[in-house]
Amino acid sequence: MAPTGKTSLVWLRDDLRLDDNPALAEAAGLGLPLTVVYILEEESVGVRPLGGASRWWLHHFLATLSAALEARGSRLVLRREPSGDVIRKLATETNAGHIFWNRRYGLPERTIDAELKDWAGGNGIEASSFQANLLFEPWTIRTGAGGPYKVYSPFWRACLASGDIREPVDSPAALPAPAASGRGLPASDPLKSWQLLPSSPDWSGGLAATWEPGEEGALRRLEDFLDGPIEHYGAGRNIPGAEGSSRLSPHLRFSEVSPFRVWHGIRRRFPRNVPADVGTFRSELGWREFNWHLLYHNPDLATRNYRPAFDNFQWGRLSRQELAAWQQGRTGYPLVDAGMRQLWQTGWMHNRVRMAAASFLVKNLLMDWRIGEQWFWDTLVDADGANNPANWQWVAGSGADASPYYRIFNPVTQSRKFDPDGRYLRTFIPELEKLSGKEIHEPWTTEADGYPEPLVDLAESRERALEAYRQLDDGQD
Ligand code: FAD
């Protein structure tokens with residue numbers, strides 16, 4: 001038996017927060033009994049299943065979100081069947097007159113949402129969607145000719161010229177309790193039954209020591225960053241051994257912190273003019289917006305070259321042994337290895353090191369960028385549906401506004417420049433602990449117990465990559 005009066009249903013997805021959550025705020029404002037659901041979309045057609053590190057994050061995050069909802073008089077319902085089915089069943093069971101969600105931008109997700117909107121319309125249910133996770137929705141930013149942007153700088157300029165960015169909405173102080181039907185409150189899966197946490201082996205110790213998943217951790221990290229590091233971001237963000245960047249990426253990935261909250265947090269700190277370092281930080285947020293713009297207009301960004309000329313590119317033969325050495329941080333090049341070990345231990349890697357590690361795989365080992373993208377997808381706590389493939393394609397040269405093909409990061413030069421005393425290298429490679437700041441960048445020139453010899457010769461592998469790239473017929477796109 002359904003409840004007699006109408007109720008509301010909020011479907012939380014990549015907007016797992018109470019703060020600046022327009023769908024939740026709007027539903028709370030209606031004052032009707034409210035069911036809040038999160039669906040693990042492993043059975044929804046086309047939706048990319050989460051990687052291992054993201055599943056770890058999601059588990060901890062859902063636990064904190066659930067507690068926060070209970071503290072406000074509500075409750076989180078967890079389900080894992082195909083999402084369209086869940087919403088239709090729950091809406092019927094709870095006699096929902098209104099369904100609320102915040103918009104998302106991948107094609108499979110949009111298709112699910114559009115079908116649901118149709119179904120709701122046909123069943124007398126109002127479905128309302130809101131902008132919550134991007135400052136600029138992809139279809140609103142268009143070139144003079146009306147098409148999507150392919151180059152970052154004019155895209156970001158157009159974004160900044162497109163008008164004011166709305167203020168964030170505060171989190172509701174209280175939420176209406178869910179509606180009970182004849183069958184009681186809507187059933188929820190126990191979070192544990194989803195088995196999101198790794199076991200045998202449990203590799204998550206380093207992640208737990210590094211991160212605080214959840215809204216509180218996200219807002220604290222934002223405040224800490226705005227309190228100091230942002231003022232030196234321009235230089236600080238390049239030093240892997242320092243905390244010079246915000247480390248907000250997993251919080252933004254799961255949208256535990258709203259980009260609107262970040263934007264206006266900056267605005268409040270720097271109300272008059274924006275210092276150069278702060279502008280640089282904002283432009284990184286712009287890359288996130290750009291990558292989602294790209295994904296919206298190119299839904300298969302994670303599987304297809306953005307530039308079709310790369311479809312004929314001759315990647316080298318896949319060597320399982322070389323791939324394993326890269327994944328495990330045993331290439332013999334300290335910057336690459338420190339990065340890959342940082343990734344494995346903490347679920348995150350510094351941006352400069354990501355570029356060097358990715359360039360090493362794609363160019364020095366000549367492996368298809370999709371192989372690296374998939375490894376990052378599985379191991380990053382910030383694995384993001386747009387940022388990950390777009391950045392891999394940027395490094396490979398197959399992407400939009402990509403790094404030129406002849407740009408091959410030299411891991412030795414890079415670590416000498418950005419980690420001169422080897423502080424970062426030593427943190428993740430204990431075998432190199434005793435080497436001097438001079439020796440540590442080229443450990444093969446000295447005795448380094450237990451550390452591997454270089455997997456490939458840098459100059460030779462660079463030449464091989466340049467030769468392969470020169471064959472590319474790239475005049476067409
Ligand atoms: P900050 O420097 O503090 O930047 C603030 C925010 O801006 C970041 O949290 C992020 O949301 C955004 N941002 C910064 N740099 C970029 C960028 N190059 N592209 C898009 N957004 C950016 N970032 C992800 O969020 N998820 C990924 O899956 C991801 N995969 C990557 C793969 C490769 C091969 C490379 C080279 C980069 C990848 N990045 C990815 C981009 C970047 O490395 C991270 O966003 C950044 O290191 C996160 O650290 P931070 O939060 O301290 O960044």
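Colleague: At roughly what angle do the axes of helix H12 and helix H15 cross?

Modeller: Roughly 40°, and the axes of H12 (residues 320-328) and H15 (residues 369-379) come within 12 Å. Before we go on: this is a predicted model, where local features need pLDDT of at least 70 and side-chain atom pairs count only at pLDDT 80 or more, while totals for chains, interfaces and linings use all residues. Residues are numbered from 1 along each chain as its sequence is written, and side-chain values use heavy atoms, with hydrogens and water left out.

Colleague: Why are H12 and H15 called oblique to each other?

Modeller: Angles under 35 degrees count as roughly parallel, over 145 as roughly antiparallel, 65 to 115 as roughly perpendicular, and the rest as oblique. H12 and H15 cross at roughly 40°, so they are oblique to each other. H12 also passes H15 in a right-handed crossing (the near helix is turned clockwise from the far one by less than a right angle).

Colleague: Which residues make that contact between H12 and H15?

Modeller: Leu 323, Trp 326 and Gln 327 of H12, with Ile 371, Gly 372, Trp 375 and Phe 376 of H15; contact means heavy atoms within 4.5 Å. They divide into five nonpolar, two polar and no charged. Gly counts as polar here.

Colleague: What makes H3 and H4 roughly parallel?

Modeller: Helix H3 (residues 83-93) and helix H4 (residues 107-122) pack at an angle of about 30°, with axes 10 Å apart. H3 and H4 are therefore roughly parallel to each other. H3 passes H4 in a right-handed crossing.

Colleague: Which residues of H3 and H4 meet?

Modeller: From H3, Ser 83, Gly 84, Ile 87, Arg 88, Ala 91 and Thr 92 meet Ile 112, Leu 116 and Trp 119 in H4. That set splits into five nonpolar, three polar and one charged.

Colleague: How do you know how H5 is oriented to H11?

Modeller: The axes of H5 and helix H11 (residues 276-297) come within 10 Å and cross at roughly 105°. That makes H5 roughly perpendicular to H11. On the H5 side, Tyr 152, Phe 155 and Trp 156 make the contact, and H11 brings Arg 282, Ser 283, Gly 286, Trp 287, Glu 289, Phe 290 and His 293. These residues divide into five nonpolar, three polar and two charged.

Colleague: Which residues come nearest to the ligand?

Modeller: Of the 28 residues around it, Tyr 233, Ser 245, Ser 246, Arg 247 and Asn 351 come nearest; a residue is counted if one of its heavy atoms lies within 4 Å.

Definitions and conventions
Axes are lines fitted to C-alpha atoms, for helices over the stretch in contact, and angles run from 0 to 180 degrees between N-to-C directions. Helices (H or I, at least four residues) and strands (E, at least two) are DSSP runs, numbered from the N terminus.
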